[in-house]
Amino acid sequence: RRRRMKRTAPRSTLRKIIKKHKPQLRLAANTDLLFDFLIIFFFFLLLKVHLSFLLFLHRLAEEARTNAFESKSKVIKPEHIIAAAKVI
């Protein structure tokens with residue numbers, strides 16, 4: 001038998017918050033909104049971390065490419081990446 005979590009906010013408030021962030025999401029009437037809200041929150045958190053990591057990698061690659069170009073190298077070598085990481 002599944003235990004239900006105690007709600008910390010009214011169902012209507014959680015429904016409004018979820019609809020504000022995900023208007024295309026359809027919620028059943030008997031959906032446990034706290035659980036759904038937590039899933040959506042962690043999804044956005046992971047998406048933000050993933051995006052930050054991709055932006056970091058892009059910046060690192062650009063710096064390494066600049067370092068390779070300045071040293072007249074056609075290939076990005078490990079030392080170019082290490083130097084770029086120290087700058088970032």
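1. **Basis.** This is a predicted model, in which local features need pLDDT of at least 70, side-chain atom pairs count only at pLDDT 80 or more, and totals for chains, interfaces and linings use all residues. Residues are numbered from 1 along each chain as its sequence is written, and side-chain values use heavy atoms, with hydrogens and water left out.

2. **Fold.** The protein has three helices and zero strands. The order from the N terminus is α-α-α. Both element types are DSSP runs, numbered from the N terminus (helices: H or I, at least four residues; strands: E, at least two).

3. **Contacts across the chain.** A contact here means heavy atoms within 4.5 Å. Take the contacts with a separation of 6 or more: 22% of them join residues 24 or more positions apart.

4. **Burial and surface.** Of the 88 residues in the protein, 19% are buried. The classes are buried (under 20% relative accessible area), exposed (over 50%) and partly exposed (in between), with a 1.4 Å probe and protein chains only. The protein exposes about 7,800 Å². Carbon and sulfur atoms supply 65% of that area. Accessible areas come from the Shrake-Rupley method with a 1.4 Å probe; for residues, only the protein chains shown count as cover.

5. **Nonpolar patch.** F53, L54, F56, L57 and I88 form a nonpolar patch on the surface. Together they have about 420 Å² of accessible area. Patch members need over 30% relative accessible area and no salt bridge; nonpolar side chains (Val, Leu, Ile, Met, Phe, Trp, Tyr) are joined within 5 Å, like charges within 9 Å. L57 lies in helix α2, residues 33-70. L57 counts as partly exposed because its relative accessibility is 36%.

6. **Salt bridge.** How many salt bridges does a search of the whole structure find? The search finds one. The criterion is a side-chain nitrogen of Lys or Arg within 4 Å of a carboxyl oxygen of Asp or Glu. E62 pairs with R65, and their closest N and O atoms are 3.0 Å apart. The two are three residues apart in helix α2, so about one helical turn separates them. E62 is partly exposed, at 33% relative accessibility. R65 is also partly exposed, at 48%.

7. **H80.** Is H80 buried or exposed? H80 counts as buried, because its relative accessibility is 8%. H80 is found in helix α3, residues 78-87. H80 touches A64, N67, A68, S71, S73 and V75, leaving aside residues up to four places away in sequence.
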